[in-house]
Amino acid sequence: MNKIMFDILCFLKENKQWDTKEAAKYLFKPYSIIEEEYISLCNEDYVKEQILTFKGQAYLEEHRVKNAVILAAGISSRFVPICFEKPKGLLKVRGEILIERQICQLKEKGIEKIYVVVGFMKEKFYYLKEKFDVEIIETTDFKVRNNHSSVWAAKDVLGNTIISSSDLYFNENIFQKYAYDAYYCTVYKEGKTEERGIVTDAYDRIINTFYGAEDVWVTLGYAFFNKRFSKNFIDILSNEYNQPKTISKFWADIQDEHLDKLYMYAKRCDNNIIYEFDSLEELREFDEAYLTEADSPLMTKIAENLQTKERYLQRFTPITKGDLKKGFTFTFEQKKYICKIDKNLEIQEIRRFDDKIQELVNITESFSSYYNKTLPLCAAENVISDFGNMPLSMGFQERYIVGNTYSYIEDNNFIGSNYLLPFYEMISEECEKIFGAKYTDARTLTGMNCLMIVLMSLSKIGDRILILGGESGGHASVKPICERLGLQVGEVPYSYESYDLNYDALNHLLNHEKVDFILLAPSDIIKPLEVEKIQLGDTVLLYDISQLLGLIGAGMIHNPLSEIENLVMFGGTHKTFPGPACGLIMTNNEELHKRLETTINPIYIRHTQMHQKVSLLFTLVEFENFGNAYQEHIVELSNYLGRQLDKKGFQVANFGGRYSCTHEVFIKTDAEIMNRIFNRSIQYGITLNKKKKRLFDGFGIRLGTQEIARYNWPKEEMENVAEIIYEISKVDADEKKVRRLLGSLPKKEIQFSFDDATKAYFKKFL
């Protein structure tokens, strides 16, 4: 017995008379397959003369649905303003209350044991006990968790159980008395959709899910858990319930992460049967009565306040999802308004957005929407965690301090600066632990500002400096900055075959000529420079490790501070190191330290942006706890991605059997393919860099894995990433395929950070 055969049995049970074409249409299967499976049922004595046999009836009874759980605990904050007055499941739609209609449909199918999980406005559901003989299950976790908490609340009654949501409307009664195995209702969506798309095998088992595709079957409606699914789901949720990353997940998200254990099938339905209303606008489209009269005292008051009719009030949206206290917005006569109410549902304020505020909202929404959807492969960008971001809202921003850990003098400072000094001191302590740095300076503002400050503090006009050239992967801004400061600029010898400096040639030059500084600022780098091979003598090495900071801190790359005396190591703190955009300087040379310490602040920098420094400290503490695992994952993804791109036929830079020791991957192309990949990346929202330099044999693409590693994407996802890059490199790229692949990528949820319990210690300071 397979699922198609079982579905045919159910069709016969419901329809009494066999019709192959109608069955094929109902089950969304080819006529030939339905006919073949029907013959199999007859041959195995489940059906005889188009009627279920006793054997067929008995088999169905073995798979009877025992009960149903309706989830009704959520706030449904997107359904403002009505959600202030009643839960969405209690709305009357086309003359019937949503949850009552579902209860009646379930009972029509012989499912008498029904449980309703309640939380928000729970008391409003209790009348259902007497009216329909349902049982109520209460939960309080709905306040902080997604709907997995409601399933968890009902864990003791899960078996062969239908799981539905109270806000669903079914045009037809598609609940089933019998079920072959676990399933989820699905409908076909034409065009682009944000819903959860599925991929199934020939028997409709779901083998993959994804978001953001088009022309695809998506999950919508209710689900069925059989005993196997219920047991396995409860076991998994028992292990994961208290993990911080679980809090925001739908129960279906958890299933998606364990499809091998929680496999379920797709129940295919016509797309005009199942309706889910996420907002008042969607409900108005379905039930026009809500245009003129929403049965909402709040709507009536708002309309009266603005001297208009309800139908002209549109696009209601909560200011903060899940937090109704902050009010909501709506539009009227193409203007946006904000409304706040008190606990008695009286209007406190209605005011129109200022045009400039509206413009700010629009451009912020545009930015947020774009970056939420991108495939982030830019090697120069990263994301900072909520933990690292907290100090940006703690009031540090406009506070001043002169001096650093080693040079602070209270008498020559701002009053109150002694309360800022401990943050600098702790930064120095953390950098000594992580990087082995005796002296640390975090006062610079960005990576490039850091480079300029180091040069201005240590060099003088006429000094000779050798830099890593742009063709060799050096940062393009270094040469013009050095020239503007009056330095004599040359380039270090470089070996393009080994992706490293030509140390023999460089050391020969140093032994025969006077060189004051070597400045290495690698921007494009897949292999760490072996700078310990440089025979410096009196030359000072200035090493910009902006791209490598996190990798060095985690021990993935050799730390030159441990060996080189004449070294200043510095850089930006927002690439492989996932901190705020500021600068960090480290050295173990006391003389160089003193020259830096006494000139940076207050001579070159007056206001050090203290909020960024405290954010850096938080990220350093975070890195101390999670940095090693994070950096290992960065390099793992780089090499796996490089291998997959190689398999696709790309010329991927490699050395010694590896594609990268960093977060970067180089693809060498011709100019045409480079531009095609880059232009298509703009079209599809893929952030990467194109390169025109000798390091790439002329032309190429640079990819970075540090951001996707921060989301802890599994290495196997690099197969899809490589497929996306391959597809957009083709002349005849398949747009639907690219969109589907992009939609199938995992969510962007920052990992390798502290949990909510740790963050809670600081909430009182925000």
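Where is the place of Thr705?

Author: The model discussed here is predicted. Thr705 has its place in the loop that runs between β34 and α24, the latter spanning 706-710. Because its relative accessibility is 0%, Thr705 counts as buried; the cut-off for that class is under 20%. Leaving aside residues up to four places away in sequence, Thr705 touches Ile634, Leu637, Ser638, Leu641 and His663.

Four strands form an open sheet in the order β30-β31-β34-β33, and the pairing is antiparallel. At its edges stand β30 (651-652) and β33 (689-691), each of which pairs on one side only. The pairing of β33 with strand β34 (residues 699-704) is antiparallel and extends over three bridges. Within it, Lys690 is placed opposite Ile701 in β34. Two helices pack on this sheet. Helix α22 (residues 610-647) touches β30, β31 (664-669) and β34, and its direction makes about 20 degrees with that of β31. Helix α23 (residues 671-684) touches β31, β33 and β34, and its direction makes about 35 degrees with that of β34.

A second open sheet has seven strands, in the order β21-β29-β28-β27-β26-β22-β23, and its pairing is mixed. Its edges are β21 (439-441) and β23 (488-491); each has a single partner strand, so one side of each is left without a neighbour in the sheet. On average, and with direction ignored, neighbouring strands of this sheet are turned by 20 degrees against each other. Strand β22 (residues 464-467) pairs with β23 in the parallel sense over four bridges. Val489 in β23 is the bridge partner of Ile465.

Another parallel pairing, also over four bridges, joins strand β10 (residues 183-192) to β14. Tyr184 stands opposite Ala266 in β14. Strand β14 (residues 265-268) is covered on both faces: Tyr265 and Lys267 lie on one side, Ala266 and Arg268 on the other, and all are buried.

Helix packing may be considered next. Two packed helices are described by the angle between their axes and the distance between the axes. Helix α1 (residues 3-15) packs against helix α3 (residues 31-43) at an angle of about 80 degrees, the axes being 9 Å apart. The angle makes α1 roughly perpendicular to α3, a class that runs from 65 to 115 degrees. From α1, the residues Ile4, Met5, Ile8, Leu9 and Leu12 meet Ile33, Ile34, Glu37, Tyr38, Ser40 and Leu41 in α3. By class, this contact of α1 with α3 comprises nine nonpolar residues, one polar and one charged.

Helix α16 (residues 447-458) and helix α20 (residues 590-597) pack at about 105 degrees, with their axes 9 Å apart. These two helices, α16 and α20, are therefore roughly perpendicular to each other. Val454, Ser457 and Leu458 in α16 meet Leu592, Arg595 and Leu596 in α20. The residues of the contact of α16 with α20 divide into four nonpolar, one polar and one charged.

Some points of backbone geometry also deserve attention. Most residues other than glycine have a negative phi, and most peptide bonds are trans. The peptide bond from Val80 to Pro81 is cis, with omega near 0 degrees, and Pro81 is in the loop between β3 (67-72) and β4 (92-93). The loop between β3 and β4 also holds Ser76, which has a positive phi of about 55 degrees although it is not a glycine. With a relative accessible area of 26%, Ser76 is partly exposed. Asn601 and Pro602 are likewise joined by a cis peptide bond, with omega about 20 degrees; Pro602 is placed in helix α21 (residues 600-604). Leu345, not a glycine, has a positive phi of about 65 degrees and lies in the loop between β18 (335-341) and β19 (347-352). At 25% relative accessibility, Leu345 counts as partly exposed.

As to the chain as a whole, the protein has 27 helices and 34 strands. Its C-alpha atoms fill a box of roughly 100 × 65 × 45 Å along the principal axes. Of its 766 residues, 56% count as buried. Among contacts with a separation of 6 or more, 72% are between residues 24 or more positions apart. The accessible surface comes to about 34300 Å², of which 47% belongs to carbon and sulfur atoms.

Note on methods: Residues numbered from 1 in each chain as written. Predicted model: local features only at pLDDT ≥ 70, side-chain atom pairs only at ≥ 80, totals over all residues. Heavy atoms only, no water. Axes fitted to C-alpha atoms, helices over the stretch in contact; angles between N-to-C directions. Parallel < 35°, antiparallel > 145°, perpendicular 65-115°, else oblique. Contact = heavy atoms within 4.5 Å. Nonpolar A, V, L, I, M, F, W, Y, C, P; charged D, E, K, R; others polar. Pairing = 2+ DSSP bridges. Buried < 20%, exposed > 50% of the residue type's maximum accessible area, 1.4 Å probe, protein only. Areas by Shrake-Rupley, 256 points an atom, 1.4 Å probe, with all protein chains shown as cover.
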